[in-house]
Amino acid sequence: MRRRKLPLIVPIAIVAIIVVALAGVAPMVYKAFTSHGVKTEGIDNTGVTSASTDLNGTWKVVPGPESNHSSVGFTFYEMLPNEKKYTSGSTRYVEGTVKVEDDTLVSGDVTADLVKLRTDVQDRDVSIRRKLFHTDQFPTASFTTNESVDLSGIPSDGSVGQVTIPGELTVHGVTNHVEPVFDVVRSGKHVTIASTLPINRLDYDVKPPEFVAALINEEGEANIRLTFEKE
């Protein structure tokens, strides 16, 4: 029995479907391998003004202006075959308060929702939350301090000062003492602080799954920027 030849239009249609499918997937694959994610940056001092209130009182984390919106995140360095890259993730879901008396920080407590971590690639977001930080078990990270820190040297004219705030950082259910150095700016009714804190992920028992293609460097960063408003 002779085989019926398929009309030429059939293979052409199949090829067209494959091309269209690849065209839709390719940008997502490219983005996953080239995007550095969403990084919490430092202070943007564009448009800052002189302080309109003193430092004393209880201050609450607020979203803040878009240029200095509150955000907490991480940066890890990945060792891929023939390539080294970094990936950052951030969450804007942060809450907390600090208390200042006589121009001295007396206490502070800030908590970030890691369930809302975002790197700008959805599949990577899910993987980082569930397989790296295990947010189903450890949904938050926190920084707490009860140290007395002199803030009297922080400028009130909108220029950036600097202060070290010792405290306890808890990530993945593990707490370590840290001493981040914060840039600080007072602008209008807001105070914004930012720090890039070097961390070793193994100190917090953060270990990537064995089957991932990339080797994640032990050394990374905690990226912090918080805007406060007095209650």
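Predicted model: local features only at pLDDT ≥ 70, side-chain atom pairs only at ≥ 80, totals over all residues.

Me: Why is the pair of phenylalanine 76 and phenylalanine 133 called stacked?

Reply: Here the centres are 6.3 Å apart and the planes sit at 20°, so phenylalanine 76 and phenylalanine 133 count as stacked. The two come from distant parts of the chain, 57 residues apart: phenylalanine 76 is in strand β2, and phenylalanine 133 is in the loop between α2 and β6. Helices (H or I, at least four residues) and strands (E, at least two) are DSSP runs, numbered from the N terminus. Phe74, Phe76 and Phe133 make up one aromatic cluster.

Me: How do you know whether phenylalanine 76 is buried or exposed?

Reply: Buried means under 20% relative accessible area, exposed over 50%, and partly exposed in between (1.4 Å probe, protein chains only). Phenylalanine 76 has 5%, so it is buried. Phenylalanine 133 has 6%, so it is buried too.

Me: What puts lysine 116 over the face of tyrosine 93?

Reply: A charge sits over a ring if NZ of Lys or CZ of Arg is within 6 Å of the ring centre and within 35 degrees of the ring normal. Lysine 116 lies over the face of tyrosine 93 at 4.0 Å from the ring centre.

Me: What makes aspartate 54 and lysine 230 a salt bridge?

Reply: The rule asks for a side-chain nitrogen of Lys or Arg within 4 Å of a carboxyl oxygen of Asp or Glu. For aspartate 54 and lysine 230, the N to O distance is 2.5 Å, and the partners are 176 residues apart. Aspartate 54, at 41%, is partly exposed, and so is lysine 230, at 25%. The structure holds 7 salt bridges.

Me: Which salt bridge does glutamate 66 make, and why is glutamate 66 called exposed or buried?

Reply: Glutamate 66 meets arginine 92 at 2.8 Å, N to O. Glutamate 66 has a relative accessible area of 55%, so it counts as exposed. Arginine 92 has 43%, so partly exposed is its label.

Me: How do you know that glutamate 229 and lysine 189 tie together separate parts of the chain?

Reply: Glutamate 229 and lysine 189 meet in a salt bridge of 3.9 Å, N to O. Glutamate 229 is in strand β13 and lysine 189 in the loop between β11 and β12, so the bridge ties together parts that are 40 residues apart in sequence.

Me: What makes β11 and β12 a strand pair, and why is β12 called largely enclosed?

Reply: Two strands pair if DSSP finds at least two bridges between them. β11 and β12 run antiparallel and are joined by 5 bridges. As for β12, 9 of its 11 residues are buried, so the rest of the structure largely encloses it.

Terms used. Residues numbered from 1 in each chain as written. Heavy atoms only, no water. Phe/Tyr/Trp six-rings, centres within 6.5 Å; stacked < 30°, edge-to-face > 60°.
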